[in-house]
Amino acid sequence: MQSAEPHPTGYLLWHLSLRWRVAMDRMLAPLGLTHAQYAVVASLYAITMGGTRPSQRQLAQFSGLEPMYVSRLARTLEKAGFLERADNPDDPRAVQLALTPKGVEVVKTAAPKVRELEDRYLEPLGGSASGKNLELRRTLQTLLSHAHSLSGAQSQTAIGT
């Protein structure tokens, strides 16, 4: 049933992200990954391509996931043989992460499937290379940057009180 008024933006973003996550989980399941796990291994792959062996905190910052969530995901991914966790020689409280050969292989296998899924979802906009998609990406980046600044302002307010 279609309502006369469009749904609020937050509602639409929430439902679209839920559908995206479900589709990603289904597509990645045969590879032994969830959407969140893929976010971790793909982010780790991207960071390590520059020669860096990041800490869990650095990976969390890069991926946009909460540090505690990255820690839990990293333990699960380590048990599955996709990554290795090691003590950081420069900081005994930190853990460094690295992909195993199995982890590199799963990222290389999953990445084209993820791009294909994204292309299917972006068909109504003319595909991932379309001007409409570029504008959508710019708009979403603006909203993400604003949300980040709001969360930083809220954290500062909480600290200052």
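Trainee: Which helix gives the largest share of the nonpolar patch?
Mentor: That would be helix α6, residues 131–160, which supplies 3 residues of the patch. Keep in mind as we go that this is a predicted model.
Trainee: OK, and which residues form that patch on the surface?
Mentor: The patch consists of L13, L136, L140 and L143. Together they have about 300 Å² of accessible area. L143, for one, sits in helix α6.
Trainee: Let me zoom out a bit. How many helices and strands are there?
Mentor: The protein has 6 helices and 2 strands. In sequence order the pattern reads α-α-α-α-β-β-α-α.
Trainee: And what box do the C-alpha atoms fill?
Mentor: Along the principal axes, roughly 60 × 50 × 30 Å.
Trainee: Now I'd like to look at α2. At what angle do α2 and α5 pack?
Mentor: Helix α2 (residues 35–48) and helix α5 (residues 101–121) pack at about 110°, and their axes are 10 Å apart. The two helices are therefore roughly perpendicular to each other.
Trainee: Which residues make that contact?
Mentor: From α2 you have Y38, V41, A42 and Y45, and from α5 there are V104, V107, K108, A110, A111 and V114. By class, the contact of α2 with α5 holds 9 nonpolar residues, 1 charged and no polar ones.
Trainee: What about α2 and α3, how do their axes cross?
Mentor: The axes of α2 and helix α3 (residues 56–63) cross at roughly 105° and come within 10 Å. That makes this pair roughly perpendicular. On the α2 side, the residues are A39, V40, S43, L44, A46 and I47, and they meet L59, F62 and S63 of α3.
Trainee: How does the contact of α2 with α3 divide by class?
Mentor: It has 7 nonpolar and 2 polar residues, with no charged ones.
Trainee: One more helix, then. At what angle do the axes of α2 and α4 cross?
Mentor: Roughly 90°, with the axes of α2 and helix α4 (residues 67–79) coming within 10 Å. So α2 is roughly perpendicular to α4.
Trainee: Which residues meet there?
Mentor: A36, Q37, V40 and V41 in α2 meet Y69, L73, T76 and L77 in α4. The contact of α2 with α4 counts 6 nonpolar, 2 polar and no charged residues. If you're colouring residues, V40 also belongs to the α2 side facing α3, and V41 takes part in the contact with α5.

How values were computed: Residues are numbered from 1 along each chain as its sequence is written. This is a predicted model: local features need pLDDT of at least 70, side-chain atom pairs count only at pLDDT 80 or more; totals for chains, interfaces and linings use all residues. Side-chain values use heavy atoms; hydrogens and water are left out. Axes are lines fitted to C-alpha atoms, for helices over the stretch in contact, and angles run from 0 to 180 degrees between N-to-C directions. Helices (H or I, at least four residues) and strands (E, at least two) are DSSP runs, numbered from the N terminus. Angles under 35 degrees count as roughly parallel, over 145 as roughly antiparallel, 65 to 115 as roughly perpendicular and the rest as oblique. Contact means heavy atoms within 4.5 Å. Ala, Val, Leu, Ile, Met, Phe, Trp, Tyr, Cys and Pro count as nonpolar, Asp, Glu, Lys and Arg as charged, and the others, Gly among them, as polar. Patches are made of residues with over 30% relative accessible area and no salt bridge: like charges are joined within 9 Å, nonpolar side chains (Val, Leu, Ile, Met, Phe, Trp, Tyr) within 5 Å. Accessible areas come from the Shrake-Rupley method with a 1.4 Å probe; for residues, only the protein chains shown count as cover. A salt bridge is a side-chain nitrogen of Lys or Arg within 4 Å of a carboxyl oxygen of Asp or Glu.
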